[in-house]
Amino acid sequence: FAPHKRFTPREQDVYRLLGTRCTPKEVAFKLNISTSTVYSYVERIRQHLGVASIDEIAEHASKWKTGPA
């Protein structure tokens with residue numbers, strides 16, 4: 001099961017960067033979008049994963065990166 005496969009391409013970008021422990025501000029800079037847009041993506045990702053916080057998203061993404069291939 002790969003939860004990130006339900007994400008839009010941009011949600012995947014945000015998810016991946018959060019997994020590398022980038023802050024929302026860093027994600028915004030790297031993707032050339034506003035921080036508020038990052039938070040909109042974070043909210044959608046949070047709902048997809050059923051988690052409560054951005055920290056949980058980052059933890060989930062970092063585990064996925066090192067987990068299943």
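Of the 69 residues of the protein, 36% count as buried. The model is predicted. Its accessible surface comes to about 4,400 Å². Carbon and sulfur atoms hold 53% of that surface.

The protein has four helices and zero strands. Along the sequence the pattern reads α-α-α-α. Among contacts with a separation of 6 or more, 54% join residues 24 or more positions apart.

The largest nonpolar core has 17 residues. V14, Y15, V27, I45, L49 and I57 touch the most other members.

| Helix | Residues |
|---|---|
| α2 | 24-31 |

The largest share, five residues, comes from α3. In soluble globular proteins, nonpolar side chains tend to be buried together.

Helix α2 shows how burial is arranged. Its buried residues are P24, V27, A28 and L31. They lie on the same side of α2 because they cover an arc of only 100° around the axis. An α-helix has 3.6 residues a turn, so residues three or four places apart point the same way. On the other side of α2, K25, F29 and K30 are exposed.

V27 belongs to both pictures: it is buried in α2 and is listed among the core residues that touch the most other members. Leaving aside neighbours within four places in sequence, V27 is in contact with V14, L17, L18, C22 and V38.

Technical notes
Residues are numbered from 1 along each chain as its sequence is written. This is a predicted model: local features need pLDDT of at least 70, side-chain atom pairs count only at pLDDT 80 or more; totals for chains, interfaces and linings use all residues. Side-chain values use heavy atoms; hydrogens and water are left out. Buried means under 20% relative accessible area, exposed over 50%, partly exposed in between (1.4 Å probe, protein chains only). Helices (H or I, at least four residues) and strands (E, at least two) are DSSP runs, numbered from the N terminus. The arc is that of the directions from the helix axis to the C-beta atoms. Contact means heavy atoms within 4.5 Å. Accessible areas come from the Shrake-Rupley method with a 1.4 Å probe; for residues, only the protein chains shown count as cover. A nonpolar core is a set of buried Ala, Val, Leu, Ile, Met, Phe, Trp, Tyr and Cys residues joined through side-chain atoms within 4.5 Å.
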